[in-house]
Amino acid sequence: MRKILLIAMALFFIFSTNAFAFLTFKQSKDISGDTDHLRGITFKPDGSRMYVTADEDDPVVLQYSLSTAFDISTATLIGSGTELTVANGMAVSNMDKPHAIELSSDGTVMYVIRSESGFVGVEQFNLTTAWDTSTLVHDTRKVITSDCDDDVQIRALAFKSDGTRMYLSQEGAGVVSQYDLTTAWDVSTATNNVCSNSYAGEESDMRNIQFSSDGTIMYLGGSNGDDINKYTLATAWDVTAISHVTSYSISSQTGNMRGFKFTANFTKLYVTGDDADAGAGTNVVYEYSLACVDKIVLERTIQYILCLL
């Protein structure tokens, strides 16, 4: 009985941390032949497709088919990219300066950060075929004229898992902005803007944010430190009180992080790097494997407990 109780206590302590300890570079995918200005990245949940934004003269979203799920070495470009065409009244134009990219949980809606002067915000597109960005049609937007910082240069984007909250962060602002969406997954209904406490001590050139599935942990990365920072939230999905825990460097691979994405189970991490204007090896997707601290510490803890009994 004592043995079961001790192991149960160890399990509770370890899994409540929801942490990972070791980040190991695995491989890279050079897509410099597809774009000179790689930006945001995301994946279809089953790992069969990868999506990136590219800040070309006519910005596009590129989608890749992965013959082996989440293995970027098997990625093949589908088509030649789809231009990010947006409507503004009766006028239609290509949006400029795309950054982070996200899709709704069912793959029928796509969101792209727009950092173009005078049009800063989130552009929303419908996909007539789920998970196929070649079928995108512009739907609506959330223009950000003022946020948690008056110098609006948005780079990062994330959503609550049910689509009822949206999170943004700006280059140099040092805070995360939180919005309620009165209609789930519709950015035009964003309201009730509140701000996190400052993370400026960890990162000043924000590139993206991501949350754990239960909303109790936030990951934040940027190109100043070229690392991923981990934060805990006092209340799930509420960024008004965040606490820094640790950071994980990716600077050995790139000095210009442009985006990142974890798999849903946090066993893999993908980072985009744009290290020069053109040429082979300048626009690269990096893949990392994550060793879970829970498993490592659990094995050692159980061994220790068994030795005591």
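This is a predicted model: local features need pLDDT of at least 70, side-chain atom pairs count only at pLDDT 80 or more; totals for chains, interfaces and linings use all residues.
Strand β19 covers residues 227-235 and strand β20 covers residues 238-249; the two pair in the antiparallel sense, over eight bridges. Within this pairing, Thr232 stands opposite Ser243 of β20. The hairpin that β19 and β20 form has two residues between the strands, and in this hairpin Trp237 takes a positive phi near 65°.

Asn229 also belongs to strand β19. Its relative accessibility is 2%, so Asn229 counts as buried, the cut-off for that class being under 20%. The side chain of Asn229 makes a polar contact of 3.3 Å with the side chain of Asp227. A polar contact of 3.0 Å joins the side chain of Asn229 to that of His244. Leaving aside residues up to four places away in sequence, Asn229 touches Glu202, Glu203, Met218, Tyr219, Leu220, His244, Thr246 and Ser247.

The charged pairs come next. Side chains of opposite charge can pair when their charged atoms come close. In the whole structure, a search finds eleven salt bridges. One of them is between the side chains of Arg39 and Asp274, at 2.7 Å from N to O. This pair links distant parts of the chain: Arg39 lies in strand β2 (residues 38-43) and Asp274 in strand β22 (residues 268-274), 235 residues apart. Both Arg39 and Asp274 are buried.

Another salt bridge is formed by Asp96 and Lys97, with the closest N and O atoms 3.4 Å apart. How exposed are these two residues? Asp96 counts as partly exposed because its relative accessibility is 24%. Lys97, at 37% relative accessibility, counts as partly exposed too.

Arg165 and Asp180 also form a salt bridge, and here the closest N and O atoms are 2.8 Å apart. Arg165 is in strand β14 (residues 165-170) and Asp180 is in strand β15 (residues 176-181), so that the pair links distant parts of the chain, 15 residues apart.

How values were computed. Residues are numbered from 1 along each chain as its sequence is written. Side-chain values use heavy atoms; hydrogens and water are left out. Two strands pair if DSSP finds at least two bridges between them. Helices (H or I, at least four residues) and strands (E, at least two) are DSSP runs, numbered from the N terminus. Buried means under 20% relative accessible area, exposed over 50%, partly exposed in between (1.4 Å probe, protein chains only). A polar contact is a pair of N or O atoms within 3.5 Å; within protein, one must be able to donate a hydrogen and the other to accept it, and residues adjacent in sequence count only if both atoms are side-chain atoms. Contact means heavy atoms within 4.5 Å. A salt bridge is a side-chain nitrogen of Lys or Arg within 4 Å of a carboxyl oxygen of Asp or Glu.
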